[in-house]
Amino acid sequence: MLPYIHLGALHVGSLTFYPYGLLVLAGILAVSAMLVWRAGKLGLSRPLAFRLAAVAVLCGMAGAHVLRVLFFEPSLLSRGAAVLFDLRHGGIYSFGGVAAGIAAGLCLLRLSNLGAATSWDYLDLLAFAFPFGWIFGRAGCAIAHDHLGIRAYNWLSVNFPGGPRYDLGLLEFLFTLPVIGWFLWLDRRPRPAGFYLGAGLLIAGVFRICLDSLHEPGVPRFILTPDQAWGLVSALAGALILAKAYSRQTHGE
């Protein structure tokens with residue numbers, strides 16, 4: 001069984017720093033650095049890669065918050081539409097961030113007048129870099145212990161004050177580690193454009209479908225929980241993108 005570790009706020013003079021916020025910032029810096037570095041490695045535009053990172057991160061954070069409010073806490077809208085732009089209320093929902101980040105990236109690439117093939121190369125840049133930033137965010141969730149799982153007593157459970165149970169943020173952190181290793185191993189050879197986007201969406205979707213079966217009981221559901229429904233959408237989208245990527249490769253597009 002894993003120990004329950006609680007890290008409080010760090011006070012430096014009149015400033016207060018929270019571990020979760022620091023880790024999210026580290027994740028943003030990591031994904032941006034990976035995007036720019038990999039763009040240079042593949043002969044793509046580093047300035048455009050940096051703009052892609054900025055747009056995906058900013059719109060992703062906004063989308064994550066808006067989806068959280070609309071789907072899970074619509075009662076907050078009684079305070080006015082401004083709550084959609086106030087990250088202090090309502091929290092964030094990762095699938096909203098992923099969807100908004102990809103959509104914003106597509107818009108930027110369209111406005112940059114790139115061809116379809118080149119646009120897929122940049123979307124793959126974003127997908128390849130994503131786990132390198134995501135792992136910091138999930139480390140923050142693991143430290144905050146804000147994704148409670150069902151009660152369990154094994155080597156993956158955490159000894160919470162109220163009894164051992166799964167910490168879903170920690171489980172996703174542990175899952176992301178081999179994903180990063182797998183991406184680095186795959187990167188030894190060229191892959192068809194769209195491969196990393198499709199593979200990332202597919203494995204993340206399947207994982208979240210499985211992970212949410214360990215969620216603390218009481219999650220609202222209609223056949224599937226919200227995470228499982230979005231996970232299914234992600235997995236199907238990933239499978240279609242992978243099929244399209246290999247189809248383009250086969251036909252030499």
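Which residues does Ser-45 touch, not counting residues up to four places away in sequence? They are Ala-39 and Tyr-122, where contact means heavy atoms within 4.5 Å.

This is a predicted model, in which local features need pLDDT of at least 70, side-chain atom pairs count only at pLDDT 80 or more, and totals for chains, interfaces and linings use all residues. Residues are numbered from 1 along each chain as its sequence is written, and side-chain values use heavy atoms, with hydrogens and water left out.

**View 1. Ser-45 at the start of helix α2.**
Ser-45 sits in the loop between α1 and α2. Helices (H or I, at least four residues) and strands (E, at least two) are DSSP runs, numbered from the N terminus. At the start of α2, a side-chain oxygen of Ser-45 comes to within 3.2 Å of the backbone nitrogen of Leu-48. That is a polar contact: a pair of N or O atoms within 3.5 Å; within protein, one must be able to donate a hydrogen and the other to accept it, and residues adjacent in sequence count only if both atoms are side-chain atoms. Ser-45 is partly exposed, with a relative accessible area of 29%. Buried means under 20% relative accessible area, exposed over 50%, and partly exposed in between (1.4 Å probe, protein chains only). Between the C-alpha atoms of Ser-45 and Pro-19, 26 residues apart along the chain, the separation is 33 Å.

**View 2. Helix α2 along its length.**
Helix α2 covers residues 46–72, 27 residues in total. From first C-alpha to last it reaches 38 Å, close to the 39 Å expected at 1.5 Å a residue. The expected span is 1.5 Å times one less than the number of residues. Buried residues of α2 include Leu-48, Leu-52, Ala-56, Gly-60, Gly-63 and Leu-67. An α-helix has 3.6 residues a turn, so residues three or four places apart point the same way.

**View 3. Helix α4 and its kink.**
Helix α4 (residues 116–144) has 29 residues. Its first and last C-alpha atoms lie 41 Å apart, close to the 42 Å expected at 1.5 Å a residue. A kink of about 35° falls at Phe-130, shortly before the proline Pro-131. The bend at a residue is the angle between axes fitted to the seven residues ending there and the seven starting there.

Asn-113 lies in the loop between α3 (94–111) and α4. Its phi is near 55°, a positive value in a residue other than glycine. At 70% relative accessibility, Asn-113 counts as exposed. Just after α4, His-145 also has a positive phi, about 55°. His-145 belongs to the loop between α4 and β3 (148–151). At 11% relative accessibility, His-145 counts as buried.

**View 4. Asp-167 and its surroundings.**
Asp-167 is found in strand β5 (residues 163–167). Its side chain makes a polar contact of 2.8 Å with that of His-145. Asp-167 is buried yet has no salt bridge. A salt bridge is a side-chain nitrogen of Lys or Arg within 4 Å of a carboxyl oxygen of Asp or Glu. The nearest side chain of opposite charge, Arg-138, is 8.3 Å away. For charge, Lys and Arg count as positive and Asp and Glu as negative; His and the chain ends are not counted. Residues up to four places away in sequence aside, Asp-167 touches Cys-141, Ala-142, His-145, His-147, Val-158 and Phe-160.

**View 5. The Asp-187 to Arg-38 salt bridge.**
The model holds five salt bridges. One of them joins the side chains of Asp-187 and Arg-38 (2.8 Å, N to O). Asp-187 lies in the loop between α5 (168–186) and α6 (195–211) and Arg-38 in helix α1 (residues 19–42), so the pair ties together parts 149 residues apart in sequence. Asp-187 counts as buried at 18% relative accessibility. Arg-38 counts as buried at 5%.

**View 6. A network of salt bridges.**
Arg-138, Glu-172, Arg-208 and Asp-227 are linked in a network of salt bridges. Arg-138 and Glu-172 meet at 3.2 Å, N to O. This pair links distant parts of the chain, with Arg-138 in helix α4 and Glu-172 in helix α5, 34 residues apart. Both residues, Arg-138 and Glu-172, are buried. Asp-227 pairs with Arg-208, the closest N and O atoms being 2.8 Å apart. Asp-227 lies in helix α7 (residues 226–250) and Arg-208 in helix α6, so the pair ties together parts 19 residues apart in sequence. Asp-227 and Arg-208 are buried too.
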